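The structure comes first, then the description.

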Amino acid sequence: MTEPNYEETATRLNRYDDVPSDILTHLVTRDGLCFWAFDRADVPELSGEASPDRELAARMCAGCPVIDECLELDLRTAGPDTVGVWGALPDTDRRALYPVWARRRGGEAR
Ligand code: SF4
C-alpha cells in the first residue's frame with residue numbers, strides 16, 4: 001500500500017479547523033464503527049511495518065462515516081504520542097502527518 005499524501009490529507013482536514021473538539025468527540029463516539037459495530041480489543045496489534053499496518057487500518061475503518069473527524073480529533077488530542085489505529089491510518093502515518101497538519105494550523109509540531 002502506498003504512503004498517504006500528508007499534504008493533501010492535512011489540507012482536507014482544514015475544514016474542521018473551527019469545529020470544537022467536544023463536537024468531534026460526540027460525532028466520533030456516536031457514529032464511529034469501532035464504537036458500536038465491533039470491539040477495538042479484537043483488532044490485531046500493529047506490526048510496525050508500514051504496508052501491512054496501512055492495510056489493517058484501512059480494513060478496520062472501512063465504511064466508517066467519521067474517518068476524517070476521527071483523524072482530526074486524534075491529531076488534536078494525541079498528536080505525536082499517538083498509538084494504534086485511528087482515522088483509518090496506523091500510528092506511524094499519523095506521526096508523519098502530525099507536523100504537516102500542525103504547520104497548516106499555524107503552529108509548530110510539539
Ligand atoms: S475511523 Fe476507525 S478508529 Fe476512527 S471511529 Fe471510525 S472505525 Fe473507529
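Met60 is found in helix α4; helices (H or I, at least four residues) and strands (E, at least two) are DSSP runs, numbered from the N terminus. The model is predicted: local features need pLDDT of at least 70, side-chain atom pairs count only at pLDDT 80 or more, and totals for chains, interfaces and linings use all residues. Residues are numbered from 1 along each chain as its sequence is written.

Met60 is buried because 20 other C-beta atoms lie within 10 Å (buried: 20 or more; exposed: 12 or fewer; partly exposed: in between; C-beta atoms are placed from the backbone). Arg40 is 20 residues from Met60 in sequence and 9.1 Å from Met60 in space, C-alpha to C-alpha.

Contacts (C-beta atoms, placed from the backbone, within 7 Å) are listed below, leaving aside neighbours within four places in sequence.

| Residue | In contact with |
|---|---|
| Met60 | Val43, Val85 |
| Leu71 | Leu13, Trp86, Gly87, Leu89 |

The axes of α1 (residues 6-13) and α6 (residues 91-104) come within 9 Å and cross at roughly 50°; axes are lines fitted to C-alpha atoms, for helices over the stretch in contact, and angles run from 0 to 180 degrees between N-to-C directions. The contact is made by Tyr6, Glu7, Thr9, Ala10, Thr11 and Leu13 of α1 and Ala96, Leu97, Val100, Trp101 and Arg104 of α6.

Key: Contact = placed C-beta atoms within 7 Å.
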